[in-house]
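Please keep the structure in view while reading.

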Amino acid sequence: MQKVTIKDVAREAGVAISTVSNAMNNSNLVNEETRAKILEVAEKLDYVPNINGRMLKTKKSDELLFLTSSIQGDYFTTLLSAMSQQCDDFGYTLNVVITRKDEVIRNRILGKRYDGIFVFLGEWFDAADMQLLEKNHIRTVFLDRACSSEYVGSVVFDSHRMGYQVTESLIHLGHKKIAFIEGPADVYDGIQRKQGYLDAMKEYGLSVPQEYLLEGRFEELYTYNSVSSFLRFRNVEMPDAFIAGNDLSAVGCVNALTDAGYQIPRNLSVVGFDDIPIAKYMTPKLTTVKNPISQQGIVAVKMLEEIIKEKRNGYVESLAGELVVRESLGIVMNDR
């Protein structure tokens, strides 16, 4: 079957090709009655506009790209839902590309098919990729690191502040020996949460033995094994609290401690980050930090739209989380 062209739509609607083009691009040169007739004809003929042709004329595609290495987990479900709705409101189509291949990343950047891109790639997006953005004036918003320039902005959580606040809250409840379960070494939020913890411990004059820094990788099983190994072979005082880099690590930590005979929060406290759905159904219910994920998605789209339309240069927007106190957080008693 021969592909329907803009000429076919113009012929069927009895108008000029330029009128069809203006109608498709929402130009105010076309009255609403004519626009409605053209759109009706286009739908009847199953006409699909030529995006590349439109880009040559308008210099924009009305499409945005989300580059990421993964979309697994509740975070991405919530984030992409909010972003997609906001894109619709602004008249953009959101395209998601999941990759860890450098050639795919660079081809997408240099292809210039999109009006702007979002990036959540961690270590898979390096300094050379960043230089490509700057050199080619690619409008970009990052969600996994804080950076800004004329064409680049970022929307991140204030993970340092929340890491500090969680630690400070534990200290105010009498905890002095606090361990931290780290996430991947290249993940912005994990790095910032750990630094907030370290800064709070230092400010309150509390020591952090190297053994108190456990590897968790944001994974439940890995954290379970890490905590179990620490309990078997530890040569330092038992911590009275564990801060996990995310809730999955907190789940692994709780399970390892429980299997070893510890009672939470009677013997010690455990706090996580992210407030995943299982957090409030655990035994005990998990104290954690809830981040405004939907807000991050909405703000990211609004920021990119501003950068694209040159309303302002790129900037860093930092969103604060909220400590959700549940059963896994306890007060240090004299018998601990």
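The axes of helix α2 (residues 17–24) and helix α3 (residues 32–44) come within 10 Å and cross at roughly 95°. The two helices are therefore roughly perpendicular to each other. The word follows set limits: angles under 35 degrees count as roughly parallel, over 145 as roughly antiparallel, 65 to 115 as roughly perpendicular and the rest as oblique. Axes are lines fitted to C-alpha atoms, for helices over the stretch in contact, and angles run from 0 to 180 degrees between N-to-C directions. Helices (H or I, at least four residues) and strands (E, at least two) are DSSP runs, numbered from the N terminus.

This is a predicted model, in which local features need pLDDT of at least 70, side-chain atom pairs count only at pLDDT 80 or more, and totals for chains, interfaces and linings use all residues. Residues are numbered from 1 along each chain as its sequence is written, and side-chain values use heavy atoms, with hydrogens and water left out.

**Helix pairs**

Which residues of α2 meet α3? They are T19, V20, N22, A23 and M24, and their partners in α3 are T34, R35, I38, L39 and A42. Contact means heavy atoms within 4.5 Å. Ala, Val, Leu, Ile, Met, Phe, Trp, Tyr, Cys and Pro count as nonpolar, Asp, Glu, Lys and Arg as charged, and the others, Gly among them, as polar.

| Pair | Axes come within | Crossing angle |
|---|---|---|
| α2 and α3 | 10 Å | roughly 95° |
| α6 and α7 | 10 Å | roughly 10° |
| α10 and α11 | 7 Å | roughly 40° |

Take helix α6 (residues 102–111) and helix α7 (residues 127–135), whose axes cross at roughly 10°. That makes α6 roughly parallel to α7. D102, I105, R106, I109 and L110 of α6 touch A128, D129, L132 and L133 of α7. By class, this contact has six nonpolar, no polar and three charged residues.

Next come helix α10 (residues 220–233) and helix α11 (residues 247–259), crossing at roughly 40°. That makes α10 oblique to α11. On the α10 side, the contact includes E220, Y224 and L231; on the α11 side, it includes L248, C253 and D259. The contact has eight nonpolar, five polar and two charged residues.

**The largest pocket**

The largest pocket is lined by 39 residues. Q72, Y75, F76, F120 and F218 lie nearest its centre. Which helix gives the largest share of the lining? That is α5, with four residues. α5 (74–90), α9 (188–203), α11 and α12 (293–308) each supply at least two lining residues. The lining divides into 16 nonpolar, 10 polar and 13 charged residues. On a 1 Å grid over the protein atoms alone, a pocket is an open set of points where a 1.4 Å probe fits, with protein on both sides within 12 Å along at least five of seven lines; lining residues have an atom within 4 Å of a point.

**Backbone details**

A cis peptide bond joins I264 and P265, with omega about 10°. P265 sits in the loop between α11 and β9 (269–273). The bond from T283 to P284 is also cis, with omega near -5°. P284 lies in the loop between β9 and β10 (287–290). D275 is found in the loop between β9 and β10. Its phi is near 55°, a positive value in a residue other than glycine.
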